Amino acid sequence: MSEIRLERIHKIYKETRAVDDVSLTVSEGEFMILLGPSGCGKTTLLRSIAGLEEIDAGRVWIGDRNVTDVPPRNRKIAMVFQSYAVFPHMTVFENIAFGLRMQKMEKGAVTKRVESAAELLHIENLLQRHPSQVSGGQRQRIAVARAIAMEPEVLLMDEPLSNLDALLRIEMRAELKRLLSEIGSTTVYVTHDQVEAMSMGDRIAVMRTGKILQLGKPLDIYRTPVDKFVGGFIGNPPMNFVSATVDRSDGGLRAGIEGAGSLAIHADDAEKLAGHVGKPVTLGIRAENVDVSRDAENSGDMLKGSVLVVEPLGSHDLLTVRLGNEQIKVATRPDLAVRMDEEVGLRFEHDYISWLDADSERTIGM
Ligand code: ATP
């Protein structure tokens with residue numbers, strides 16, 4: 001199996017820096033996600049690995065081979081792209097078998113591989129049809145089946161589940177994850193769907209304007225985003241951000257939130273915030289890390305907020321709470337039965353607070 005190593009990749013289209021000095025190592029057998037909003041350079045980076053894009057600077061390594069100047073067909077990779085090209089004149093079976101036939105694999109082995117890939121993607125009853133006789137989502141699955149049937153060392157996928165309906169997408173993402181870990185392919189997978197990224201990836205590279213902003217395990221990025229953009233992009237609802245001012249009081253530090261009260265800054269955080277006393281900061285907290293007390297009057301050291309909206313979602317209620325001049329989203333147990341317009345006390349779990357510099361919007365100490 002093969003590691004992929006990208007060294008200082010640049011790709012510029014006229015005035016657009018589509019990929020701007022990106023270095024990244026994908027370990028052997030790893031499932032790496034490239035995640036980011038439309039136009040951030042994910043596809044261009046993936047196409048650079050495939051050799052479909054001539055890069056302006058940098059080097060691409062697959063295993064111990066420098067493939068920067070090697071044509072795509074000699075890079076020993078399998079690809080599934082958004083525009084899932086399938087051959088219209090071949091049956092679904094022959095489409096899936098295509099790469100294996102090129103490798104001159106023995107007939108019985110081809111049939112076995114094709115059938116098992118088709119089964120996995122729930123298209124085993126379509127094998128004798130032609131692509132024009134199947135739906136768009138099914139055509140996309142043919143392209144995925146063709147790639148995984150190769151059991152490739154390196155697999156590159158660009159939004160391979162984008163044409164599937166919501167239920168099938170959830171099912172496929174779990175099955176694909178299991179299968180790829182069995183095959184052991186080194187996989188780079190492009191998506192703008194942060195749920196897909198969180199649930200499938202061993203690691204995620206979050207991209208914006210041609211750069212990787214943060215690279216890490218899904219939960220690490222979720223818990224400690226490097227900046228406001230990443231915290232807002234990952235998670236549903238996005239991380240809450242609240243303006244606060246750091247002050248010294250009673251020997252410790254407190255963060256004041258205008259119109260809502262203040263909270264004690266935990267000793268672990270006080271050190272890194274010492275340089276921010278008297279200055280504005282931005283506090284990041286996720287909806288599930290806010291405890292709600294219905295007894296606002298007696299809630300002591302809590303922040304005070306008022307409930308604007310209650311959305312019952314079954315597993316939890318999602319509240320929109322006014323906190324001073326701002327609004328945050330808070331997840332509560334449904335049995336708390338909070339009502340609209342109610343005054344509530346809020347406690348932020350201090351282990352889950354991100355402290356950001358108000359100007360740079362970057363997490364302090366990262
Ligand atoms: P999406 O999720 O919408 O596919 P992406 O993150 O994959 O977006 P890319 O397709 O890599 O983004 O594009 C990155 C930037 O490069 C964009 O600003 C895009 O407009 C520009 N770009 C991509 N291909 C070309 C091209 N052939 N000519 C000129 N500009 C291009």
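Colleague: Hi! How many of the 9 residues of H1 are buried?
Modeller: Hello! 7 of the 9 are buried, and H1 is mostly covered. Buried means under 20% relative accessible area, exposed is over 50% and partly exposed is in between, with a 1.4 Å probe and protein chains only. Helices (H or I, at least four residues) and strands (E, at least two) are DSSP runs, numbered from the N terminus.

Colleague: Which residues of H1 are the buried ones?
Modeller: Lys42, Thr44, Leu45, Leu46, Ser48, Ile49 and Ala50. Just after H1, Gly51 has a positive phi of about 90°.

Colleague: And the ground rules for this model?
Modeller: It is a predicted model, where local features need pLDDT of at least 70 and side-chain atom pairs count only at pLDDT 80 or more, while totals for chains, interfaces and linings use all residues. Residues are numbered from 1 along each chain as its sequence is written, and side-chain values use heavy atoms, leaving out hydrogens and water.

Colleague: OK, on to the ligand. Which residues surround the ligand?
Modeller: Tyr13, Thr16, Ala18, Pro37, Ser38, Gly39, Cys40, Gly41, Lys42, Thr43 and Thr44. A residue is near a molecule or strand if one of its heavy atoms lies within 4 Å of it.

Colleague: What is that shell like by class?
Modeller: The shell has 4 nonpolar, 6 polar and 1 charged residues. Ala, Val, Leu, Ile, Met, Phe, Trp, Tyr, Cys and Pro count as nonpolar, Asp, Glu, Lys and Arg as charged, and the others, Gly among them, as polar.

Colleague: How far is the backbone N or O atom of Gly39 from the ligand oxygen?
Modeller: The distance is 2.8 Å for Gly39. For Cys40, a polar backbone atom is 3.0 Å from an oxygen atom of the ligand, and for Gly41 a backbone N or O atom lies 3.0 Å from a ligand oxygen. The protein covers 59% of the 640 Å² of accessible area that the ligand has on its own, by the Shrake-Rupley method with a 1.4 Å probe.

Colleague: Which elements give two or more residues to the shell?
Modeller: Strand E2 (16-26) and helix H1 (42-50). H1 gives the most, with 3 residues.

Colleague: Is Asp21 buried or partly exposed?
Modeller: Asp21 counts as partly exposed because its relative accessibility is 30%. Glu159 also has a positive phi, near 45°, but Glu159 counts as buried because its relative accessibility is 4%.

Definitions and conventions:
Polar contact = N/O pair within 3.5 Å; in protein donor to acceptor, adjacent residues only side chain to side chain.
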